[in-house]
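These are my notebook entries on one structure.

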Amino acid sequence: MFVPKLYVYTFLGEFVLLYPVYTLLFTDTGLSVAETSSLFVIWSVTGMVLEVPSGAWADAVSRRLLLCLGPLLAGTGFALWVLFPSYWAFALGFVLWGAEGALVSGAFEALAYEELDRRGLRGRYAVIMGRAHSIGIVAAASAIALATPVFALGGYPAVGAASVLSCLLCAATALTLPERRTPSADSDGGYLAILRAGVAEARTDRNVLQALVLISVVTAIWGALEEYVPFLAAETGVPKTAVPLLVLAVWVGASAGGLLSGPAQRLAERPFALILALAALAMAAGALVRHPAGFLLVALSFGAFQMAAVVADARLQERVTGAQRATVTSVAGLGTNVVTLAVYTAYGAGSPFLSHGTTFALLVLPYLVIALWLARERVAPM
């Protein structure tokens, strides 16, 4: 029952009905665009600051404990938003939500990989995590679909209560996950020693460092661009009512990519690099054509990037040799956050001068660089 519990945890963690309406809550409360943007910055900075320290905490104490605490913090934040709608309540909620992301990041992958390894299923990690990512996308889409009728019936209190309930169920699910390991805090030095050892492995082990760079870039760029897909869809000239359909096509592509992660894990470096390069070219072509048909290419590229992100994670887990697995994985999370912030900044800086299609095409160019690097580097097999 371990793997189904992972899927349930992933679904409940993404099944938050506040997702599609919380910006409306901010607007209805009277927040300006600048104030809303500052909340996003608070969210991002919180996650970046806590990412690696929380990973070391998971290694020192318990991955399962952090997987339980994370949703509880997020649920508390969502409750604050609905009960006390104000800028400072929203800011505190984003701090709690950012902390949730940091607590879960690293701990989830480490617990899943080591438990699968204990059961002799290490080779299934990419398959299982790919399915988990796809389930997360389905959960988010389901929450968006359900939010409309729930909001119509009960407004913000109703979607807020549903979101808090999902977080509570997610935390309860975490408590049912097995964790048969000896906490590495038993080693001399405790928490600080674990933190130093994890960062040292990430920095000095060449194979681990390569995997960290790969997962940070591959995951961050398409993940950040996903936020701008509705703008790209509108640029094709379709009616506003058709924009969600194009966005849905992209989500379907990303879901399919997650399901293909298992076979992709067996690819050698050069075929893997070729897939990244072709996906980048497909993204650029689909974005530049400015026609709804181009979204077929966009959806295919998002699927390839999702698949590559899961494979990159599996590759990292296979290369970690120390007991500080959550710490090292959290370093990857920090790298992903940094690259994501860079993409947001670049997109915002170019938006007054470039079309959305052109911006998409330019921002996927780093994938070509990564593909060339992978093709030329002699790295450990995936």
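**Entry 1: R180 and E115**

I started with R180, which touches E115, R118 and R119 when residues up to four places away in sequence are not counted. I take contact to mean heavy atoms within 4.5 Å. The model is predicted, so I noted that local features need pLDDT of at least 70, that side-chain atom pairs count only at pLDDT 80 or more, and that totals for chains, interfaces and linings use all residues. Residues are numbered from 1 along each chain as its sequence is written, and side-chain values use heavy atoms, with hydrogens and water left out.

I placed R180 in the loop between α7 (125-175) and α8. Helices here are DSSP runs of H or I with at least four residues, strands are runs of E with at least two, and both are numbered from the N terminus. Is R180 buried or exposed? R180 counts as exposed, at 52% relative accessibility. The cut-offs I used are under 20% relative accessible area for buried, over 50% for exposed, and partly exposed in between, with a 1.4 Å probe and protein chains only. I also checked R180 against V104: they are 76 residues apart in sequence and 18 Å apart in space, C-alpha to C-alpha.

Then I turned to E115, found in helix α6 (residues 107-118). E115 has a relative accessible area of 3%, so it is buried. Leaving out residues up to four places away in sequence, E115 touches F2, P178 and R180.

**Entry 2: two helix contacts**

I noted that two packed helices are described by the angle between their axes and the distance between the axes. Axes are lines fitted to C-alpha atoms, for helices over the stretch in contact, and angles run from 0 to 180 degrees between N-to-C directions.

How do the axes of α8 and α9 cross? The axes of helix α8 (residues 190-204) and helix α9 (residues 206-225) cross at roughly 85° and come within 5 Å. That makes α8 roughly perpendicular to α9. The classes are roughly parallel under 35 degrees, roughly antiparallel over 145, roughly perpendicular from 65 to 115, and oblique for the rest. From α8 the contact uses E201, A202, R203 and T204, and from α9 it uses R206, V208, L209 and L212. I sorted the residues of this contact into four nonpolar, one polar and three charged. Nonpolar here covers Ala, Val, Leu, Ile, Met, Phe, Trp, Tyr, Cys and Pro, charged covers Asp, Glu, Lys and Arg, and polar covers the others, Gly among them.

Next I looked at α13 and α16, whose axes come within 8 Å and cross at roughly 170°. That makes α13 roughly antiparallel to α16. M283, A284, A287 and L288 of α13 meet G357, T358, F360 and A361 of α16. By class, this contact of α13 with α16 has six nonpolar, two polar and no charged residues.

**Entry 3: aromatic pairs**

How many aromatic pairs does the structure hold? It holds 29. Rings of Phe, Tyr and Trp (its six-membered ring) pair if their centres lie within 6.5 Å; planes under 30 degrees apart are stacked, over 60 edge-to-face, and the rest tilted.

I picked Y228 and F231: the ring centres are 6.4 Å apart and the planes stand at 40°, so the pair is tilted. Y228 counts as buried at 15% relative accessibility, while F231 is partly exposed with a relative accessible area of 45%. Y228 also pairs with Y344, edge-to-face, at 6.2 Å centre to centre and 65° between the planes. This pair links distant parts of the chain, 116 residues apart: Y228 is in the loop between α9 and α10 (229-234), and Y344 is in helix α15 (residues 325-350). Y344 counts as partly exposed at 29% relative accessibility.

**Entry 4: cores**

The largest nonpolar core has 59 residues, and among those with the most contacts inside it are L214, L225 and F302. A nonpolar core is a set of buried Ala, Val, Leu, Ile, Met, Phe, Trp, Tyr and Cys residues joined through side-chain atoms within 4.5 Å. Helices that each supply at least two residues of this core include α9, α10 and α15. Leaving aside neighbours within four places in sequence, L225 is in contact with F302, V343, Y347, F360, L363 and V364. A second, separate core of 31 residues includes Y7, V104, A112 and A314.
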